[in-house]
Amino acid sequence: MGMVADEATDPIGAEFKKTFDEQNFGHNTWTYVWDVQNLEAPVLLGHFTSPTPAIDHNQYVRGAYVFQANYRSGLRVLHVDDPATASLSQIGFFDVYPASDTANFSGAWSVYPYFPSGNVVVNGL
C-alpha cells in the first residue's frame, strides 16, 4: 500500500510511502517516509511506529498533517514535525472499532480530510 504526496496537495513537499506487514510479522504499524524525487534512487528518510498493531490502510497528506485509516484503530492523525528527517508524531485519533486494535481487516477503510470546513470523514467496513 503506498501513496506519494505532491506539492499541489502537500505544501511541505514530503513524500510518503506506506507498507503492509503488521499481520505477517506481528509488529505495530510502521509509516515509512521516502524521498522519491529521483525514482532511480529513492532515499528512505525514516519511519514512524504507531502505538497499535492495527493495519494501516489509506492515508492522505494535508499541509503538515497525515490522516491515516488504521482499520481496527480507526483514524490516526500524525503531525509532520520535520519532513527532512521523517519526524512524525501522533497528535490524535478516533477509534471506530473500540473492541480491538489487532491486525485484522475490519474498522476504518479510508478517510477524507480535504473539506474546506476542515472536517474529516472516516468510513469503515
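Here is a short walk through the structure shown above, from the whole chain to two of its residues. The structure is a predicted model, in which local features need pLDDT of at least 70 and side-chain atom pairs count only at pLDDT 80 or more, while totals for chains, interfaces and linings use all residues. Residues are numbered from 1 along each chain as its sequence is written, and side-chain values use heavy atoms, with hydrogens and water left out.

Let us begin with the overall layout. The protein has 1 helix and 9 strands, which follow the order β-α-β-β-β-β-β-β-β-β from the N terminus. Here helices (H or I, at least four residues) and strands (E, at least two) are DSSP runs, numbered from the N terminus. Of its 125 residues, 42% count as buried; buried means under 20% relative accessible area, exposed over 50%, and partly exposed in between (1.4 Å probe, protein chains only).

Now look at Ser50, in the loop between β3 (43-49) and β4 (59-62). Ser50 has a relative accessible area of 5%, so this residue is buried. Leaving aside neighbours within four places in sequence, Ser50 is in contact with Asn28 and Thr29, where contact means heavy atoms within 4.5 Å. A polar atom of the Ser50 side chain also lies 3.2 Å from the backbone nitrogen of Thr52.

Finally, turn to Tyr112, which belongs to strand β8 (residues 108-112). Tyr112 counts as partly exposed because its relative accessibility is 40%.

Key:
Polar contact = N/O pair within 3.5 Å; in protein donor to acceptor, adjacent residues only side chain to side chain.
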